[in-house]
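Student: I have a structure to go through. Can we take the labels one at a time and check each against its cut-off?

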Amino acid sequence: TGFTRLSVFDAAGRKIRTLSEGVLTAGEHDIAWLASNQSGQRVGSGLYVLRLESEGQVTSRRIVCTR
């Protein structure tokens with residue numbers, strides 16, 4: 001259990017959206033991204049990076065959005 005933040009960045013490193021921010025319990029969680037930015041506008045196809053920050057640790061994964 002601890003504070004976590006899950007964000008989406010574009011290939012240029014600009015933050016597109018924060019998907020989750022707050023305290024989560026330990027274990028698995030499902031968080032959906034509907035390929036939209038913080039304003040709710042749909043983003044284009046391309047490479048994006050998911051960044052998970054939790055208790056001082058950072059993990060990143062590349063994802064591809066296709067339309």
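Tutor: The questions below go label by label, and the model is predicted.

Student: Why is Ser 20 called buried?

Tutor: Its relative accessible area is 17%. Buried means under 20%, so Ser 20 qualifies. Ser 20 sits in strand β2, residues 15–24. Beyond four places in sequence, Ser 20 touches Thr 4, Arg 5, Leu 6 and Ile 31.

Student: What makes Glu 21 and Arg 5 a salt bridge?

Tutor: Their closest N and O atoms are 2.7 Å apart. The rule asks for within 4 Å, so the pair counts. Glu 21 lies in β2 and Arg 5 in β1, so the bridge ties together parts 16 residues apart in sequence.

Student: How do you know that Arg 5 is partly exposed?

Tutor: Arg 5 has a relative accessible area of 22%.

Student: What makes Arg 51 and Glu 53 a salt bridge?

Tutor: The N to O distance is 3.5 Å. The limit is 4 Å, so Arg 51 and Glu 53 pass. Salt bridges with shared partners join Arg 5, Glu 21, Arg 51 and Glu 53 into one network.

Technical notes: Residues numbered from 1 in each chain as written. Predicted model: local features only at pLDDT ≥ 70, side-chain atom pairs only at ≥ 80, totals over all residues. Heavy atoms only, no water. Helix = DSSP H or I, 4+ residues; strand = E, 2+ residues; numbered from the N terminus. Buried < 20%, exposed > 50% of the residue type's maximum accessible area, 1.4 Å probe, protein only. Contact = heavy atoms within 4.5 Å. Salt bridge = Lys/Arg side-chain N within 4 Å of Asp/Glu carboxyl O.
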